[in-house]
Amino acid sequence: MHELELIRAAAQDVAAARSLLRQRLDTLAAINRDALARGIPAVDVAVAGGFSPTGIRNPVGDARR
């Protein structure tokens with residue numbers, strides 16, 4: 001029975017972490033949209049988010065192309 005309690009507790013922890021991650025991803029997406037709407041180039045937004053500039057494809061019409 002003790003193992004089942006540990007499994008339930010771990011499952012609750014994972015569910016809470018997923019919920020928090022979803023909230024943070026939604027917040028990050030909103031920040032990214034705002035940055036793009038303000039005219040910050042997509043490449044700069046991606047690099048600020050931790051992506052490697054060599055792995056980023058520039059959108060059509062981006063002046064950095």
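**Notes on the predicted model**

1. Overall burial and surface. Of the 65 residues of the protein chain, 8% count as buried. The coordinates come from a predicted model, and every remark that follows should be read accordingly. The accessible surface of the protein chain amounts to about 5,600 Å², and carbon and sulfur atoms account for 59% of that surface.

2. Secondary structure. The protein chain holds 2 helices and 0 strands. Helix 1 covers residues 2-37, and helix 2 covers residues 42-48.

3. Nonpolar surface patch. Which residues form a nonpolar patch on the surface? The members are L21, L25, L28 and I31, and together they have about 380 Å² of accessible area. Of these, L28 is located in helix 1. L28 counts as partly exposed because its relative accessibility is 43%, a value that falls between the 20% limit for buried and the 50% limit for exposed.

4. Salt bridge. The count of salt bridges comes to 1. The side chains of D34 and R38 form a salt bridge, with an N to O distance of 2.9 Å. Are the two partners, D34 and R38, exposed or partly exposed? D34 has a relative accessible area of 37% and is therefore partly exposed, whereas R38, at 64%, is exposed.

5. Helix 2, residue V43. V43 belongs to helix 2. Its relative accessible area is 11%, so V43 is classed as buried, the cut-off for that class being under 20%. V43 and T54 are separated by 11 residues in sequence, and their C-alpha atoms are 9.9 Å apart in space.

6. Helix 2, residue A48. A48 is also part of helix 2. With a relative accessible area of 71%, A48 is exposed, since the exposed class begins over 50%. How far apart in space are A48 and N32, C-alpha to C-alpha? The distance between A48 and N32 is 9.8 Å, at a separation of 16 residues in sequence.

Conventions
Residues are numbered from 1 along each chain as its sequence is written. This is a predicted model: local features need pLDDT of at least 70, side-chain atom pairs count only at pLDDT 80 or more; totals for chains, interfaces and linings use all residues. Side-chain values use heavy atoms; hydrogens and water are left out. Helices (H or I, at least four residues) and strands (E, at least two) are DSSP runs, numbered from the N terminus. The expected span of a helix is 1.5 Å times one less than its number of residues. Patches are made of residues with over 30% relative accessible area and no salt bridge: like charges are joined within 9 Å, nonpolar side chains (Val, Leu, Ile, Met, Phe, Trp, Tyr) within 5 Å. Accessible areas come from the Shrake-Rupley method with a 1.4 Å probe; for residues, only the protein chains shown count as cover. A salt bridge is a side-chain nitrogen of Lys or Arg within 4 Å of a carboxyl oxygen of Asp or Glu. Buried means under 20% relative accessible area, exposed over 50%, partly exposed in between (1.4 Å probe, protein chains only).
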